[in-house]
Amino acid sequence: MNLEKALKDYGNMGPKAREEDMYAAAAMGRMAFIQSEEMQVLSYGGFLRMQLRVLKKRWWLLQCLVLAGLWIIYPSIDGAWYGHRTLGVAAMLFVILLIPELWRNRTDQAMEVEAAAYYSLRQIYAARMLLFGIADVFMITVFLAGASMTLKLALTELLIQFLFPMTVTACICFGFLCGSKYFSGGAAAGLCLIWSAVWWLVLLNEEIYAAITMPVWAGLIALALGLLAFVLVRSVKNCEKIW
């Protein structure tokens with residue numbers, strides 16, 4: 001009994017915490033945590049590595065499978081006309097596979113969270129486009145170099161039948177998905193299908209296809225690449241206005 005009374009008396013002797021002191025201590029701890037985090041700013045290299053980890057690599061795998069499948073089935077295609085159509089379809093599908101991952105923040109409604117991060121939404125979009133650009137340019141370069149040697153395709157034919165429709169498809173995707181009006185990924189894919197139908201009509205009409213000379217093709221490819229550069233820059237500049 002004396003021990004219990006002594007313990008009770010000892011507990012009553014200690015200082016009693018006031019509510020305002022507890023709030024003040026919590027505020028000081030929160031401020032100390034924020035200050036320590038501000039001193040550890042993520043570098044640009046670390047930011048790119050973080051974005052690389054966030055991106056789902058399955059879309060790059062699917063793009064590789066598209067190119068590999070085209071490489072495998074092209075020798076068995078009978079006729080140059082069917083081969084040209086196959087190249088155009090593969091090029092458009094290669095670009096359409098970018099849509100789900102590049103605009104995943106819109107479908108997941110995570111743009112407000114990204115806008116509140118240390119790095120701006122513009123930097124996040126630029127990092128994603130840079131990473132996808134590096135990967136896609138590497139895959140396309142390997143495919144074009146390998147196809148010109150193993151499939152006996154001229155480089156000019158690959159540029160016209162594969163690179164040109166792919167570039168126009170990319171312009172459609174970035175132009176509409178990052179434009180002033182809202183378009184969903186499905187709408188952009190539908191517009192790409194309309195473009196594929198237009199391209200097939202050009203291939204079907206031998207007179208139109210034969211009338212376009214090589215300098216005209218070079219000018220069309222250069223125009224498409226310039227338009228792609230324009231819509232990419234506009235996408236980065238206007239990404240904060242979308243949401």
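Predicted model: local features only at pLDDT ≥ 70, side-chain atom pairs only at ≥ 80, totals over all residues.

Student: Why are α4 and α9 called roughly parallel to each other?
Tutor: The axes of helix α4 (residues 58–73) and helix α9 (residues 121–150) cross at roughly 10° and come within 11 Å. Roughly parallel requires an angle under 35 degrees, and the pair is therefore roughly parallel.

Student: Which residues of α4 and α9 meet?
Tutor: On the α4 side they are Trp60, Gln63, Cys64, Leu67, Leu70 and Trp71. On the α9 side they are Leu131, Phe132, Ala135, Asp136, Met139, Val142, Phe143, Gly146, Ala147 and Thr150. Sorted by class, the contact of α4 with α9 has 12 nonpolar, three polar and one charged residues.

Student: What makes α3 and α9 roughly perpendicular?
Tutor: Helix α3 (residues 44–54) packs against α9 at about 70°, and the two axes are 10 Å apart. The range for roughly perpendicular is 65 to 115 degrees, so α3 and α9 are roughly perpendicular to each other. The crossing of α3 with α9 is right-handed.

Student: Which residues make the contact of α3 with α9?
Tutor: From α3 come Tyr44, Phe47, Leu48, Gln51 and Leu52. From α9 come Gln123, Ile124, Ala127, Arg128, Leu130 and Leu131. By class, the contact of α3 with α9 holds eight nonpolar, two polar and one charged residues.

Student: Now for single residues. How do you know that Gln63 is buried?
Tutor: Gln63 has a relative accessible area of 0%. Buried means under 20%, so Gln63 is buried. Gln63 sits in helix α4. Apart from neighbours within four places in sequence, Gln63 is in contact with Phe94, Leu97, Leu98, Asp136 and Met139.

Student: Why does Leu55 count as buried?
Tutor: The relative accessibility of Leu55 is 3%. The limit is under 20%, so Leu55 counts as buried. Leu55 is in the loop between α3 and α4. Leu55 and Phe132 are 77 residues apart in sequence, while their C-alpha atoms are 9.4 Å apart in space.

Student: What makes Val54 partly exposed?
Tutor: Val54 has 42% relative accessibility. Buried is under 20% and exposed is over 50%, with partly exposed in between, so Val54 counts as partly exposed. Val54 belongs to helix α3. The C-alpha atoms of Val54 and Arg128 are separated by 9.8 Å, though the two residues are 74 residues apart along the chain.

Student: Why is Gly226 called partly exposed?
Tutor: The relative accessible area of Gly226 is 41%. Gly226 is in helix α13 (residues 214–242). From Gly226 to Thr167 is 59 residues in sequence and 9.8 Å in space, C-alpha to C-alpha.

Student: What share of the protein counts as buried?
Tutor: Of its 243 residues, 35% count as buried. In soluble globular proteins, nonpolar side chains tend to be buried together.

Student: How many residues are in the largest nonpolar core?
Tutor: That core has 54 residues, and those with the most contacts inside it are Leu70, Phe143, Phe162, Phe164, Met166, Trp195 and Trp199. At least two residues each come from α4, α5 (80–96), α6 (99–102), α9, α10 (155–177), α11 (185–204) and α13. The largest share, 12 residues, is from α10. Leaving out neighbours within four places in sequence, Leu70 is in contact with Thr86, Leu87, Ala90, Phe143 and Phe162.

Student: How many helices and strands are there in the protein?
Tutor: The protein has 13 helices and zero strands. Among contacts with a separation of 6 or more, 80% are between residues 24 or more positions apart.

Methods. Residues numbered from 1 in each chain as written. Heavy atoms only, no water. Helix = DSSP H or I, 4+ residues; strand = E, 2+ residues; numbered from the N terminus. Buried < 20%, exposed > 50% of the residue type's maximum accessible area, 1.4 Å probe, protein only. Axes fitted to C-alpha atoms, helices over the stretch in contact; angles between N-to-C directions. Parallel < 35°, antiparallel > 145°, perpendicular 65-115°, else oblique. Contact = heavy atoms within 4.5 Å. Nonpolar A, V, L, I, M, F, W, Y, C, P; charged D, E, K, R; others polar. Left-handed = near helix turned anticlockwise from the far one by under 90°. Core = buried A, V, L, I, M, F, W, Y, C linked by side-chain atoms within 4.5 Å.
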